[in-house]
Amino acid sequence: MSTLNRSLRPLLLRPQLLAAAGLACLSLTGTARADADNYRKALDSTTWVLSKNSEGTSSGTGVLVDAEKRLMITNAHVVGDSRSAVIFFRDLKGDKPVVEKKHYLENVKKLGVRGRVVAVDRKRDLALVELEKVPAYAKAIELAADSTGPGESIDSIGNPGASDALWVYTSGKVRSVYTKQFRTGAGEHEFRVVETQSPLNTGDSGGPVVGQDGKLVGIVQAISKKGSLISYCVDITEVKEFLASDWKPAPLPIADVLSKTDLKHEKHTSGHYKVAISTEKDGDQDVFVTKDTEYYGRADVRKVWSLAATVESKDLTAESMQKLLEQSARTKLGAWSIESDGQGKFLLIYVTKVDATSTPASLASVLEYTGKITAAMKKELEPKKTAQAASDTLESWLAD
């Protein structure tokens, strides 16, 4: 018997091992087929999302959740402060999805779908987009009844920027499901996360995470910078609560809002916007409005501020502090803030918070009010400085 035959002899004498090996092969083949079926099923619900906001063009992923109402869900950080997006569903060549990005960009008129951001929840990092139309083949993904759990196998589809391809498949396992408070470049978050060991990347954000039955169990959200193969997804329970809640309009892009006012404005080197406010009594005053929004829960606001004066610490008397406090109590909007410049001086700033979904007319009113309050205080402070300067000059002359 040859060496090969001798090596096979134990297996021939133990047919149960051959049977077990055969079952293992069948199991692997069945799993691979199930993964492929899962991918193809989720693909008809998955989208490529392009959005142009104040930070530039953002690329991410989304998933159709209601075909009748033409609603797609993605991450809030994918759309940023934009109110619109261009959406692509997969295109097929034969029975295979076309994965080259160039194909979609060159055929945007045919394949692109306009989308309008109708609601955001920055705490959960979710955004809802209403589509102008939905392709006939597109299907709304089915939502899982409840959360997934540790050890469960999951699949996802995304459009990672590091890849030249779209509709990229990723598989993994659930590590844990729990409520997490954390911060990303998109802000502060708190929601029930599905922590996975899936190798997700930038651009996968907003994509569907499905269980082995093909039902949605989460939305890709972020990757951990502190550990390898740790990714976070928004749990299905959070997605359902978001869809069932009263939708809050997405914040308006500040550049677009200002362009619809009659106010003279420009983008400052800091990235914020400087607005020139003219007052009849107290002259012109520069007022700033932040490019970014601040939020707590479902409340989105922008900060508007204007500098009245820079003073020495010795000039911050109890009398001046009392005056600022009294005026803060009397004003209709905003309040005075005293902030250190880090060099021994203090800045007297009037600060107002305005709803980030305010109309252009509403924002203009807040900017004008902030400018008038600040200009009036600035003028009130100037005579004292002039009088002090005159007094110093007189003392100097007398000394001579």
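How much space lies in the largest cavity? In this predicted model, the volume of the largest cavity comes to about 50 Å³. A search of the whole structure returns two cavities of 30 Å³ or more. The largest cavity is lined by Ile254, Val257, Arg302, Val354, Asp355, Ala356, Ser358 and Leu363. Helix α7 (254-259) and strand β21 each contribute at least two residues to this lining. By class, five residues of the lining are nonpolar, one is polar and two are charged.

The second largest cavity holds about 30 Å³ of space. Its lining consists of Asn38, Tyr39, Ala42, Asp155, Ser156, Ile157, Tyr169, Pro208 and Val210. At least two lining residues come from each of α2 (15-43), β9 and β12 (208-210). Six residues of this lining are nonpolar, two are polar and one is charged.

The largest pocket contains about 1200 Å³. A total of 45 residues line the largest pocket, and His77, Thr184, Gly185, Ala186 and Gly187 lie nearest its centre. Two or more lining residues are given by each of β2 (56-66), α3 (76-79), β10 (168-184), β11 (187-196), β13 (216-223) and β18 (294-296). The lining of the largest pocket divides into 10 nonpolar, 20 polar and 15 charged residues.

The overall composition of the chain is as follows. The protein chain has nine helices and 21 strands. Of its 400 residues, 42% count as buried. Among contacts between residues at least 6 apart in sequence, 64% join residues that are at least 24 apart.

The largest nonpolar core comprises 33 residues, and Ile73, Tyr104, Trp167 and Ile219 are those with the most contacts inside it. A second, separate core has 17 residues, among them Ala76, Val78, Val79 and Val117.

Trp167, one of the residues with the most contacts inside the largest core, is located in the loop between β9 (153-158) and β10. Its relative accessibility is 2%, so Trp167 counts as buried. Most residues other than glycine have a negative phi. Trp167, although not a glycine, has a positive phi of about 55°. Asp125 is a further non-glycine residue with a positive phi, the value being near 60°. The position of Asp125 is in the loop between β7 (112-121) and β8 (126-131). With a relative accessible area of 1%, Asp125 is therefore classed as buried.

Met72 belongs to strand β3 (residues 71-74). Met72 is counted as buried because its relative accessibility is 0%, the cut-off for buried being under 20%. Apart from residues up to four places away in sequence, Met72 touches Thr47, Val49, Gly62, Val63, Leu64, Val65, Ile87, Ala127, Leu128, Val129 and Leu131. The C-alpha atoms of Met72 and Arg116 are 9.9 Å apart in space, with a separation of 44 residues in sequence.

Asp235 is part of strand β14 (residues 231-235). The relative accessible area of Asp235 is 0%, so this residue is also buried. When neighbours within four places in sequence are left aside, the contacts of Asp235 are Ser147, Thr148, Val177, Arg192, Val194 and Val217.

Strand pairing is described for β20 and β21. Strand β20 (residues 335-340) and strand β21 (residues 345-355) run antiparallel and are joined by six bridges. Ser337 has Ile349 of β21 as its bridge partner. The two strands form a hairpin with four residues between them, and Gly342 in the turn has a positive phi of about 80°. Strand β21 of this hairpin also supplies at least two residues of the lining of the largest cavity.

Notes: Residues numbered from 1 in each chain as written. Predicted model: local features only at pLDDT ≥ 70, side-chain atom pairs only at ≥ 80, totals over all residues. Heavy atoms only, no water. Core = buried A, V, L, I, M, F, W, Y, C linked by side-chain atoms within 4.5 Å. Buried < 20%, exposed > 50% of the residue type's maximum accessible area, 1.4 Å probe, protein only. Pairing = 2+ DSSP bridges. Contact = heavy atoms within 4.5 Å. 1 Å grid on protein atoms, 1.4 Å probe; cavity = no way out; pocket = protein on both sides within 12 Å on 5 of 7 lines; lining within 4 Å. Points joined across faces, edges and corners; volume = space filled by probe spheres on them. Nonpolar A, V, L, I, M, F, W, Y, C, P; charged D, E, K, R; others polar.
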